[in-house]
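Subject: Structure for your review

Dear colleague,

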Amino acid sequence: MRLKDKVVVLTGAASGIGRSTAILFAKEGAIQIISDINEVGLKETYEMIKDGQENTIFMKVDVTKPAEVKDMIDTTIKKYGKIDILICNAGVVRVGPIEDFPDKDYDLLIDVNLKGTYYTCKYAVPYFKNQKFGSIITLASVAAHIGQVNHANYCSTKAGILGFTRALALDLAPYGVRVNSVSPGATDTPMLQGDVAKQARDRGVDYNMVKKEFEEEGVMGRWARPEEIATGILYLATNDSSYMTGADLRLDGGWTTR
Ligand SMILES: NC(=O)c1ccc[n+]([C@@H]2O[C@H](COP(=O)([O-])OP(=O)(O)OC[C@H]3O[C@@H](n4cnc5c(N)ncnc54)[C@H](O)[C@@H]3O)[C@@H](O)[C@H]2O)c1
């Protein structure tokens with residue numbers, strides 16, 4: 001077991017990549033605090049954890065609410081005395097041409113994707129600096145590296161994650177704490193399914209047609225399974241990536257090689 005006795009805090013664990021990460025990390029022996037704004041989905045994830053459920057705690061946390069995020073971090077420290085691995089995974093996507101883009105959707109993208117990641121790190125960083133070890137992993141995207149039609153606002157938040165991750169890596173390197181991001185390509189989760197469904201509706205075309213377009217973006221011609229992103233997150237969490245900081249791990253099926 002590669003994460004035995006490691007304390008992990010994970011946001012956005014009710015679905016998709018977060019859920020797969022929680023299941024994989026539990027199998028690897030982690031002690032986990034899994035969180036999400038969606039309590040029903042979070043409980044489902046908890047119930048899906050067969051190996052390691054006794055080492056898992058779930059907490060309803062909205063990453064846009066600093067007090068809730070702080071409580072999650074402080075509770076972890078009070079209970080376990082350390083955080084080995086922090087995964088800022090919670091995220092949302094909203095798509096559409098910017099002239100019609102609702103401002104409330106723009107605010108949501110900023111609040112969850114950027115401010116949520118910032119708050120999650122903000123309250124944990126003092127503990128990381130004090131303990132002088134640990135790995136922080138953020139979720140960027142293929143959308144941080146390339147433009148996607150009708151995704152300008154989502155792309156800007158994910159590109160922001162890259163900048164945040166690189167700069168935080170500098171701040172924490174003197175303390176022996178590594179900070180890296182993962183950039184998934186099209187990954188088969190409720191987020192991507194919803195994104196494809198909306199584009200299909202907006203364009204008046206079939207869901208499968210838009211799905212196929214996304215599949216063909218990666219040179220491998222298929223979507224990733226969320227488990228394939230979770231294994232990348234595991235790599236950044238363990239000492240296998242001990243010389244890696246401020247970096248981005250692209251798990252995009254070759255999308256950005258074109
Ligand atoms: N699926 C993809 O193709 C893809 C590609 C690139 C990057 N990503 C990124 O990966 C991460 C996970 O995405 P996913 O595909 O698993 O999506 P998902 O929608 O399946 O899961 C995201 C989770 O974040 C949670 N969340 C949303 N707002 C929250 C908030 N305010 N507080 C706490 N939790 C909140 C949701 O409830 C959900 O459980 C996101 O950051 C996303 O941007 C996904």
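The paragraphs below describe the pockets and then the ligand. Please bear in mind that this is a predicted model.

The largest pocket has a volume of about 940 Å³. It is lined by 44 residues, and those closest to its centre are Gly91, Val92, Val93, Thr189 and Met191. Three helices, α1 (16-27), α5 (152-172) and α6 (190-203), each provide at least two lining residues; α6 gives the most, with 7 residues. By class, the lining of the largest pocket comprises 22 nonpolar, 15 polar and 7 charged residues.

The second largest pocket has a volume of about 240 Å³. Of its 13 lining residues, Lys6, Gly134, Ala237, Thr238 and Asn239 are the closest to its centre. Its lining consists of 4 nonpolar, 5 polar and 4 charged residues.

As for the ligand, 30 residues surround it, the closest being Ser15, Ile17, Asp36, Tyr154 and Thr189. A backbone N or O atom of Ile17 lies 2.8 Å from an oxygen atom of the ligand, and a backbone N or O atom of Asn89 lies 2.9 Å from a ligand oxygen atom. For Ile37, a backbone N or O atom is 3.4 Å from a nitrogen atom of the ligand. The ligand taken alone exposes 820 Å², of which the protein buries 92%.

With kind regards

Key: Residues are numbered from 1 along each chain as its sequence is written. This is a predicted model: local features need pLDDT of at least 70, side-chain atom pairs count only at pLDDT 80 or more; totals for chains, interfaces and linings use all residues. Side-chain values use heavy atoms; hydrogens and water are left out. On a 1 Å grid over the protein atoms alone, a cavity is a set of points where a 1.4 Å probe fits but cannot get out, and a pocket is an open set with protein on both sides within 12 Å along at least five of seven lines; lining residues have an atom within 4 Å of a point. Grid points are joined across faces, edges and corners, and a volume is the space filled by probe spheres set on the points. Helices (H or I, at least four residues) and strands (E, at least two) are DSSP runs, numbered from the N terminus. Ala, Val, Leu, Ile, Met, Phe, Trp, Tyr, Cys and Pro count as nonpolar, Asp, Glu, Lys and Arg as charged, and the others, Gly among them, as polar. A residue is near a molecule or strand if one of its heavy atoms lies within 4 Å of it. A polar contact is a pair of N or O atoms within 3.5 Å; within protein, one must be able to donate a hydrogen and the other to accept it, and residues adjacent in sequence count only if both atoms are side-chain atoms. Accessible areas come from the Shrake-Rupley method with a 1.4 Å probe; for residues, only the protein chains shown count as cover.
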